[in-house]
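This briefing covers a sheet, a group of aromatic rings and the charges placed over two of them. The structure comes first.

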Amino acid sequence: MTLFHGSNTAVERPRLIEQNRFLDFGFGFYTTTNRAQAENFAQKVALRRGGRPVLNIYELRGGGEDLKVRRFPSPDEEWLNFVSAHRNGTYAGETFDLIVGAVANDDVYRTLQVYSAGLLTKEQALEALKIKKLFDQYVFATDRALALLQFVRAEEV
């Protein structure tokens with residue numbers, strides 16, 4: 001499986017870096033199967049941090065059967081609770097090596113903010129998410145999981 005990571009630099013050896021913000025699935029190295037999504041993120045990172053937008057391409061190698069994986073097949077109530085808790089910095093649940101599920105892009109993030117502020121019920125938030133086009137993300141949260149990624153190449157986009 002091919003995975004993409006948008007950045008402002010080539011990332012030949014992905015590593016876990018302490019983050020100063022709360023992300024969908026918490027701490028980890030974020031990738032996606034959606035090339036356009038990663039290219040868009042690379043553009044944003046380059047604008048914010050300088051440098052040039054770079055699309056990093058990886059192959060997900062086999063193995064990892066012993067990894068603790070959390071999959072969210074759809075943006076359902078469990079996904080909403082998981083993402084909301086991570087985005088609010090309140091997640092205190094189970095930890096995983098790899099997390100797979102829908103990405104809360106800027107549009108989805110607004111729905112999450114309104115939900116977190118108590119202006120939408122859980123049911124209203126889930127209904128609003130149904131009409132949004134959500135792409136996937138694969139978050140490698142441990143070095144054991146990162147070992148499954150094989151760098152292919154980097155392309156300026």
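Is tyrosine 91 buried, partly exposed or exposed? Tyrosine 91 is partly exposed, because its relative accessible area of 28% falls between buried (under 20%) and exposed (over 50%), with a 1.4 Å probe and protein chains only. The model is predicted: local features need pLDDT of at least 70, side-chain atom pairs count only at pLDDT 80 or more, and totals for chains, interfaces and linings use all residues. Residues are numbered from 1 along each chain as its sequence is written, and side-chain values use heavy atoms, without hydrogens and water.

**Aromatic rings**
- The whole structure holds 7 aromatic pairs (centres within 6.5 Å; planes under 30 degrees apart are stacked, over 60 edge-to-face, the rest tilted).
- Phenylalanine 25 and phenylalanine 82 are edge-to-face, because their planes stand at 65°, with the centres 5.7 Å apart.
- Phenylalanine 82 also pairs edge-to-face with tyrosine 91, at 4.9 Å between centres and 65° between planes.
- Phenylalanine 25 is buried at 2% relative accessibility, and phenylalanine 82 is buried at 8%.
- One aromatic cluster is formed by Phe25, Phe72, Phe82, Tyr91 and Phe96.

**Charges over rings**
- Arginine 70 lies over the face of phenylalanine 72, 4.0 Å from the ring centre (NZ of Lys or CZ of Arg within 6 Å of the centre and within 35 degrees of the ring normal).
- Lysine 68 lies over the face of phenylalanine 96, at 5.7 Å from the ring centre.

**Sheet**
- An open sheet of 4 strands runs in the order E2-E6-E5-E4, with mixed pairing (strands are DSSP runs of E, at least two residues, numbered from the N terminus; two strands pair with at least two DSSP bridges between them).
- Strands E2 (29–31) and E4 (69–71) each have a single partner strand, so one side of each has no neighbour in the sheet.

How values were computed:
Rings of Phe, Tyr and Trp (its six-membered ring) pair if their centres lie within 6.5 Å; planes under 30 degrees apart count as stacked, over 60 as edge-to-face and the rest as tilted.
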